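Trainee: Could you show me how to read some features of a protein model, going slowly through each one?

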Amino acid sequence: MRAIRPRLASRFAALLGLAPALAILVVVYVGCTAWTIWISMTSSRMLPSSNFVGLRQYEALFANERWQVSVGNLAVFGVLFMLVSIALGFLLAVAIDQRVRGENLLRSIFLYPFSMSFIVTGLVWQWLLNPTFGIEKMGRDLGFAAFRFDWIVRQDMVIYTLVFAAVWHAAGLVMAIMLAGLRGIDEDIWKAARIDGLPPWRVYLSVVIPMLGASFATASVLLATSVVRLYDLSVAMTNGGPGVASEVPAKFVMDHLFERGNLGLATAAATSMLITVAAVVGPWLYWQSRRTGRAHA
Amino acid sequence: MTSKGARLAPHRTATNLVTLGAALAGVALWAAPAVAQANKAEVIHWWTSGGESAAVKVFAEQFAKAGGTWVDTAIAGGANARTAAINRTVGGTPPTMMQFNTGKQFDELVENDLLNDVDAIATEQKWKDKIPGPILAATTRNGKMFAVPVNIHGQNWLFYNTEVLKKVGAEEPKTWDDLIPILDKIKAAGLIPLAFSGQKTWERNLFNAVLIGQGGPELWQAVYGKKDPAAVKSAAFKNVAETYAKLRGYVDPGAPGRNWNDASALVIQGKAGFQVNGDWAKGEFIAAGQTAGKEYGCTILSKAGGGYVMGGDVFAFPKTKDPNQLKTQIMLAKLMLEPETQIAFNTKKGSIPVRTDVDVSSMDICAQKGAKMAADKAQQAPAMELLTPPSVTGAVEDVISSFWNTPAQSTDQFADKFAAALKQI
């Protein structure tokens, strides 16, 4: 008994200590999520109302052209941004790992964009890409009269300019993660490969990349979160334009929540985003838990 | 305050947390009597730019003269300011007075019984005979006035650079059909015909200027007032859409994403001929040292004779049980509509007085033109946001914006989407 009592007491203390965090979790996250889902089934406009309309907000949402464009944009942006950032970040890390001179300086330069907010990034790229005073004008001033680089004002190309800016922003971070991974690889592996006469590219492809699994996973998770919450870059760079060509789901939610006083539609959009994320993350978590479960058994 | 709070705390348990809590309690104690102070008015508004804050200062000074204390809560961005004000009102700690655009933004506050009406003072001051009909209607719910309009902004002005017009040998146009050949001449002269800011709001504003100018007040009312799908699919509406589509050819490649004041600057510098904008653009011309009627001119394009699109700002008064606050609210309402306050405020704001009985001869020539139209029943047209709630305005804006930016879209497709956007849950 004497042995048990202190343990019980300490468990109680631990629970007590965790209680505020638990309360916040339940009230703020779970509570607000439930509330959001409930509001998305009402006819709420500027203020919440309890007039139940079933799934009519969702019907309106999926018939909404701007929402369709937003979802399409997020898919294009997400795939390209993640692939290019990871590829570019990995290549940068490999290049720096060749024991180049001025490594510290280069590392800082590549990581530097990440220290800026998306708002600043967006503004800088907006200016660079503006056809009347950015890169296009510079090209023409240099004598190339037919030079055209007006993607940011073209509906069909504008989403790629967002990918540019975001990759510029994030590639340095991926590089830092990959570089840490590369530095963790045992020198002996390189020596063994040299003895076997393997060319370096082959070592990277067949040995190093599989060993960097954790680094790739970390980079992917970090990048994926910035895909889902993509908002400020679109606001600062194009404000969703031209037309609705560079709108994204998070911006749809924010605009309808505040500017347009349409809580019903905004929460329906937010709920749809949540369901999409859950549909991707859920199976992955399940797979992870199965895997660790098997490892324990 | 922190020391005062800390002293209240028992010594033995004076951990950091307790100190913090006591300090917060100290703040509350200190803040409580301040709220009850007589004639103290907290005002939430979004007038943060140079000209705007100079304008709101007129109210603050008049209020101070009358013995009140003005607590200025300026929040940049209309949507942010309104959200803050609404959240505080719903949460039970409302400001004394809060700004909205004239229109439907405060509808739900009235429906939920969160606003005090100002009908008594309006009747006493005979405001209802002096304020133009559409503006009065926009502040009236169930027969009672629920907000005090303080200005009228004309939204469909056409500004032009007189030098540029002289250079191409053109006169001030009267209709959109007059304007198109002039735009061609300016284009031929190597200048930007129409200075444009390609953001959704301004794409909508340009469309609305064409809608009232080409379609006239009747079509305007049928589309935005009655939301009649037949009107949207009429030949007159199609003509409007075609005229609007023609304008795409007269803007420069840098237009998408540009801010409206940068577009005004193009006209000011003589790089562009025209800009369609609200009268708030005058602030830019004035700041550049230009005078209306000299370096720049202003006109309203109208084919059917009539159509001054009137919007503006109002102040609303949240429900309060504090008799002092109630008195202060009435005092503010009365003060803002005094003729001298109206002239001083609107001169700085670029708008015109909301009372048609005020002498505007001291204001610039554009304001005088505007005041004349605002007083003329045949010319009065309520702005879009006076007729449609923000959710509908936003949906229509998306449709207009995607039409402007997608030359391949036919006017019929546009009309179909337009009609669908007017109908919302």
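Trainee: Where is Lys126(B) found in chain B?

Mentor: Helices (H or I, at least four residues) and strands (E, at least two) are DSSP runs, numbered from the N terminus. Lys126(B) sits in the loop between helix 6 (119-124) and helix 7 (133-139) of chain B, and its phi is positive, about 55°, although Lys126(B) is not a glycine. Before we go on, note that this is a predicted model, in which local features need pLDDT of at least 70, side-chain atom pairs count only at pLDDT 80 or more, and totals for chains, interfaces and linings use all residues. Residues are numbered from 1 along each chain as its sequence is written, while chains are lettered from A and ligands numbered from 1 in the order in which they are written.

Trainee: Is Lys126(B) buried or exposed?

Mentor: A residue is buried if 20 or more other C-beta atoms lie within 10 Å of its own, exposed if 12 or fewer, and partly exposed in between, with C-beta atoms placed from the backbone. Lys126(B) has 10 other C-beta atoms within 10 Å, so it is exposed.

Trainee: Which loop holds Asn142(B)?

Mentor: Asn142(B) is in the loop between strand 5 (140-141) and strand 6 (144-145) of chain B. Asn142(B) has a positive phi of about 50° without being a glycine, and it counts as exposed because it has 8 C-beta neighbours inside 10 Å.

Trainee: What is the peptide bond from Gly241(A) to Pro242(A) like?

Mentor: That bond is cis, with omega near -5°, and Pro242(A) lies in the loop between helix 11 (232-237) and helix 12 (249-257) of chain A.
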